[in-house]
Amino acid sequence: MLQIDHLNKSYGKFQAVSDLTLHIPQGDLFGFVGPNGAGKTTTIRIVCGLMKPNSGNVVINGVNALAHREEIKKQIGYVPDFFGVYDNLKVKEYMDFYGSMYRMNSREIEKIADDLLELVNLSDKKEVFVDTLSRGMKQRLCVARALIHNPALLVMDEPNSGLDPRARVEMKELLLNLKSMGKTIVISSHILSELSEMCNSIGIMDQGHLVAAGHIEDIMEGVFGGDKLIITLEEGRETALRIASEHVKVKVESAGEHELKLSHTMTKQEIAKMVGTMIANDVVVTGFHKQEGSLESLFMRVTGESAEGRE
């Protein structure tokens, strides 16, 4: 759906984006992860036709974005990190204005605008002036505006920046709803916990380099190597450690006085059997659970390794 090949962008001696190649399939909710200055916004602006790269290519929905910049505007809905609104317009007038920019007739605009305002939960605000809306409402209005021409790709740069917790929850629900409708969405953010709750795939950028990309589960497994299991126990540490160490599908990561951390490739039945063996050998097991890898730990691991590789 979105294909980026060998993209490069520099400002003098500073390389903002370096040889970036990325494919995002139709229907993905893709998260661009990275600290400020990593190259996320530069990449997004190139994809949206707001900036020219030094080299490379971008194809969106089969259209060469760099060669057909006017055509590509029909394929993209863009929500920037600083959303622009016209304060002297009512919400309905705001939607009418943007619909007319895409040469839509008034009847078509009215129908689509009504549907979109309902989608973003602003149907009751049609006659309200934009400048009276809360920041969260303005951000949802900008999403509705970006969708008015039914673009193939929705691109959002830091959509939750400056939003309060309730507005962030509302934005997350809106984006998950759009994903369920088959919309392809690219979100740039440095708020990792929020992306992990929404996105099914990510790309991690660091100092202009794309250091990891793909489905979150696949990257986690590739970086951390299999599932993690934590077994807590009251007595029998040495026996539990021996049983875990002898299992061919288990690697002991650490062994505390009352806790074993294991990486493994066992099935659920095999886990239950191993724990049962421990209990049968007088180990007092107080609990066991799967340790979920976090997007934060993944980010720190891959950006740390990438930085070492470039030193």
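The model is predicted, so local features need pLDDT of at least 70 and side-chain atom pairs count only at pLDDT 80 or more, while totals for chains, interfaces and linings use all residues. Residues are numbered from 1 along each chain as its sequence is written, and side-chain values use heavy atoms, with hydrogens and water left out.

The protein has 11 helices and 14 strands. Both are DSSP runs numbered from the N terminus (helices are H or I, at least four residues; strands are E, at least two). Along the principal axes, the C-alpha atoms fill a box of roughly 75 × 50 × 30 Å. Of the 311 residues, 45% count as buried. Buried means under 20% relative accessible area, exposed means over 50%, and partly exposed lies in between (1.4 Å probe, protein chains only). The protein exposes about 15,700 Å², and carbon and sulfur atoms supply 49% of that area. Such areas come from the Shrake-Rupley method with a 1.4 Å probe; for residues, only the protein chains shown count as cover. Among contacts with a separation of 6 or more, 68% join residues 24 or more positions apart. A contact means heavy atoms within 4.5 Å.

Two packed helices are described by the angle between their axes and the distance between the axes. Axes are lines fitted to C-alpha atoms, for helices over the stretch in contact, and angles run from 0 to 180 degrees between N-to-C directions. Helix H3 (residues 91–101) packs against helix H5 (residues 135–146) at about 30°, with the axes 10 Å apart. H3 is therefore roughly parallel to H5. Angles under 35 degrees count as roughly parallel, over 145 as roughly antiparallel, 65 to 115 as roughly perpendicular and the rest as oblique. The crossing of H3 and H5 is right-handed. Right-handed means that the near helix is turned clockwise from the far one by less than a right angle; left-handed means anticlockwise. H3 contributes Val91, Tyr94, Met95 and Tyr98 to the contact, and H5 contributes Leu141, Cys142, Ala144 and Arg145. By class, these are 7 nonpolar, no polar and 1 charged residues. Ala, Val, Leu, Ile, Met, Phe, Trp, Tyr, Cys and Pro count as nonpolar, Asp, Glu, Lys and Arg as charged, and the others, Gly among them, as polar.

H3 also packs against helix H4 (residues 106–119), at about 125° and with the axes 10 Å apart. H3 and H4 are therefore oblique to each other. H3 passes H4 in a right-handed crossing. Val91, Met95, Asp96, Gly99 and Ser100 of H3 meet Ile109, Ala113, Leu116 and Leu117 of H4. This contact has 6 nonpolar, 2 polar and 1 charged residues. Arg103 lies in the loop between H3 and H4. Its phi is near 60°, a positive value in a residue other than glycine. Arg103 is exposed, at 80% relative accessibility.

Helix H9 (residues 237–246) and helix H10 (residues 268–280) cross at roughly 145°, and their axes come within 10 Å. Ala240, Ile243 and Ala244 of H9 meet Met274, Thr277 and Met278 of H10.

Ile185 is found in strand E8 (residues 184–189). Ile185 is buried, with a relative accessible area of 0%. Its C-alpha atom is 8.4 Å from that of Gly31, 154 residues away along the chain. Beyond neighbours within four places in sequence, Ile185 contacts residues including Leu29, Phe30 and Leu175.
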